[in-house]
Every structure is written in C-alpha cells, then in structure tokens.
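Biologist: I have this model open on my screen, and I would like a close look at the place where the two chains meet. Could you walk me through that part, residue by residue where you can?

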Amino acid sequence: MRSLDWSEIRVGDEVTPLVIDVNATVIAAGAIATRDFMPVHHDREYANVQGAPDIFMNILSDTAYCSRFLTDWAGPDARVARIAIRLGVPVFPGHTLTYTGSVSAVWRTEDEGFVDIEFTAVDDLGEHVSGTATLGLPLDGPT
Amino acid sequence: MANDEVTAPGLDEQLQALVGQPIGAGGPSIGPDPVNQPMIRHWAAAFEDANPIYTDPVAGAASRFGEIVAPPLMLQTWTMATPKITGIRERGGSPVEGGGAEVLRLLDGAGFVGTLATNSEFEILRYLRLGERVSATTVVDAISREKRTRLGPGRFLTWVTTYVDDAGAVVGVQTFRILKFKPEVPA
C-alpha cells in the first residue's frame, strides 16, 4: 500500500471510487464496531416502528467509510485532519453505496502538505452523503 | 424539508436554557477502555479498511506515525457508553438507563422520540496510540424551533464534543447534529 506523493497531487485529481454492496450484515457490523447499539441499526421491526422501511446505516459508519475512501486513495501516510459530512437519504440493505470525489485545493504549511477533497456517496435512493475533508501528507514524499 | 414552523409554548424556553451547558450532568465521558488493538481490529474488519497502520506493527513503525495508531474516525467510538442491552427498546433506543441528557429527556417527553443523525464534522488534531485513554466533554451548541420535516415534526439539536488525552490536551473536536422527531407512520 503506497502513499501518494503530495507534490504530485493536483486540483481536479479524482479520488479512486469506493463501492460498498450494502446488506443487513454490513449495517449491523458497522453499528456494533462503532459501539452504536441503537436498534434502528440492527432491528428491522424496531426501525419500522420508527417509520423506516428497514434498518439503516449509522452515521459513525458513514464517517468510517469516508476515512477509508480517502486513505485507500492517499495511502497509509495520509492523515485525516478534518472531515465534515451531511446526510441525505438513508442507506438500506440491498443498496449499492458509491463514494466519488475530487481534489478541490492543494496547500501546505511549513512542515506538512495538505489536500482538500469534496466528495459524495450515492445509493439507490440518491445522495446519501456529501462532504468535505482535508488530508495531511509528508512534504518529503512517501516513506 | 423544513418549511412551516410550529411553536410549542414553554418548551422553547426550557430548551434554550440548556444551550451552552454540558449535555450530561455527570462530567466528562471517560472511555471505558483505553485505545486498544481488539476494538481497532473489529472496526477495521467491519469496514474492510485495509490501512496497515491500524493493525500491523511493522507497517505502523515504517509509517510517518512510527507505530500502530487508531483509525482517526474511531474517536467517538472510544467514549461511547457501555450499553445495557436489556430494555434498550423500551428506552427508545437509549443505550443506558437514567443519567441521559436533560435535553434529550425534554425532547423525548415532548414526543420527539425519533432520532436521526444529520451532520457530523471532525477536526482531528492528532492520531491516538495504543494504551491512551480518551475522555469527552459535550456541550449543547444549538436547538432549533419545531419544524415540519419529511419524517414528522422535529427539532434539530447540535452539540460540540471536545476529546482530550490523559494529559488533558485536545486531540479532536466533533460537531454533531441530530433531528429529534415525532414519528409519523403512514396508516
């Protein structure tokens, strides 16, 4: 797993897309791994009472997939410095969730290079997540 | 999705009095366990995140971080309360008994029993290492007036959580917004 060289990243570069085939196990595994035991993320009957047709992905899983999407592309030397997401439509079992994004800015401080990214995640109902993030990378290239 | 506003007299004043206050009365939430490899491995497996710095000591040592580090977005997970599974449905999904946030009790009591997370923003100041203990202090930042939403009448609640390490130094800040709503199940 190689890291990107900050000096070679340009505005407009595409982040490698991430596709998640979502099923009930994916949703429940993510909820429990983030220690979120709200029944709407693992109990369909309970979700129905709350007005949802099925269990749906929790937001801690969303931010987890966002960070995976970013570091799968930028590599293990990338440091997630900031991530901000807004949730749109929910993700239900059976959906395909696709993350895409691109570089919106490249900047640096004295000792670190930074990349700003704008991204979205789209599922079968539409836009599930839209967000922005900032990654930090070493100035002297990959280790 | 929030067009016409409906006011519930009295509740607004009670809610606004909580803005700027800590969300719970019990002081900071201290992570029940320090940052540890089993929870990291569980997280990495759930999200199929193959970033080797989370689980491989050799890769961690070779990286800019110099050792294994926790996934940065696990920050909130470290301080999540240990749940009491029995009765979780009856408590409206709350993982713990009593001791819940006054703001949530007020909203639940007014019928806003549904919860939907809408925004999450993290500033990560540094990555955590194995063995570190995290604690979090959460302050109510804003509570909206009652609005019509596609899920039913609701109120948006924003809180800001500051995460600190053993030395009290800030490692991350999270701004989180949820919608508390009165569920409208189609007949």
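Modeller: Happy to; what follows goes from the interface as a whole to its strands, its charged pairs and then the chains around it. Please keep in mind that this is a predicted model.

Let's start with the overall extent. On the chain B side, 50 residues are in contact with 48 residues of chain A. Putting the two chains together buries about 3900 Å² between them, and carbon and sulfur atoms give 58% of that area. If you want to pick out residues on the chain B side, begin with B:Phe47, B:Arg64 and B:Arg89: these lose the most area to chain A, and together they account for 19% of what that side buries.

Polar groups take part as well. There are 17 residue pairs in polar contact between chain B and chain A, counting pairs with both residues at pLDDT 80 or more. Several elements of chain B give two or more residues to the side that touches chain A, namely helix 2 (37–46), helix 4 (75–78), strand 2 (114–124) and strand 6 (170–181). Strand 2 of chain B gives the largest share, with eleven residues. Sorted by class, this side of chain B holds 29 nonpolar, 14 polar and seven charged residues.

To find the pairing on your screen, look for A:Ile83, whose bridge partner in strand 2 of chain B is B:Phe122.

Strand 2 of chain A also holds A:Arg79. A:Arg79 counts as buried because its relative accessibility is 14%, under the 20% cut-off. Its contacts beyond the nearby sequence fall in both chains: among them are A:Glu112, A:Phe114 and A:Thr134 in chain A, and B:Arg64, B:Phe65, B:Ile124 and B:Tyr127 in chain B. The side chains of A:Arg79 and A:Glu112 are joined by a polar contact of 3.0 Å. A:Glu112 in turn forms a salt bridge with B:Arg64, with the closest N and O atoms 2.7 Å apart. B:Arg64 is also one of the residues of chain B that lose the most area to chain A.

That salt bridge belongs to the charged pairs that cross the interface. The rule finds three salt bridges between chain B and chain A. B:Arg89 takes part in a salt bridge with A:Asp43, at 2.8 Å from N to O. This pair runs from the loop between helix 1 (24–33) and helix 2 (44–49) of chain A, where A:Asp43 sits, to the loop between helix 4 and helix 5 of chain B, where B:Arg89 sits. The side chain of B:Arg89 also meets that of A:Glu45 in a salt bridge of 3.1 Å, N to O. Here the chain A residue, A:Glu45, lies in helix 2 of chain A.

A:Asp43 counts as buried, since its relative accessibility is 18%. B:Arg89 itself, at 34%, counts as partly exposed. A:Glu45, at 52%, counts as exposed.

Now for charged pairs within the chains. Over all chains, the count comes to 14 salt bridges. One of them joins A:Arg86 to A:Glu127, where the closest N and O atoms are 3.9 Å apart. This pair links distant parts of the chain, with A:Arg86 in strand 2 of chain A and A:Glu127 in strand 5 (residues 126–137), 41 residues apart. In chain B, salt bridges link B:Glu67, B:Arg126, B:Arg129, B:Glu132 and B:Asp165 in a network.

Finally, here is the chain B background to all this. Chain B has five helices and six strands, in the order α-β-α-α-α-α-β-β-β-β-β along the sequence. Its C-alpha trace spans about 60 × 40 × 35 Å along the principal axes. Of the 187 residues in chain B, 45% are buried. One of the buried residues is B:Thr79, at 13% relative accessibility. B:Thr79 lies in the loop between helix 4 and helix 5 of chain B, and its contacts beyond its sequence neighbours include B:Ser29, B:Val134 and B:Tyr163.

Key
Residues are numbered from 1 along each chain as its sequence is written. Chains are lettered from A and ligands numbered from 1 in the order in which they are written. This is a predicted model: local features need pLDDT of at least 70, side-chain atom pairs count only at pLDDT 80 or more; totals for chains, interfaces and linings use all residues. Side-chain values use heavy atoms; hydrogens and water are left out. Contact means heavy atoms within 4.5 Å. Buried area is the accessible area (1.4 Å probe) that two parts lose on being put together, summed over both. A salt bridge is a side-chain nitrogen of Lys or Arg within 4 Å of a carboxyl oxygen of Asp or Glu. A polar contact is a pair of N or O atoms within 3.5 Å; within protein, one must be able to donate a hydrogen and the other to accept it, and residues adjacent in sequence count only if both atoms are side-chain atoms. Helices (H or I, at least four residues) and strands (E, at least two) are DSSP runs, numbered from the N terminus. Ala, Val, Leu, Ile, Met, Phe, Trp, Tyr, Cys and Pro count as nonpolar, Asp, Glu, Lys and Arg as charged, and the others, Gly among them, as polar. Two strands pair if DSSP finds at least two bridges between them. Buried means under 20% relative accessible area, exposed over 50%, partly exposed in between (1.4 Å probe, protein chains only). Lists of a residue's contacts leave out its neighbours within four places in sequence.
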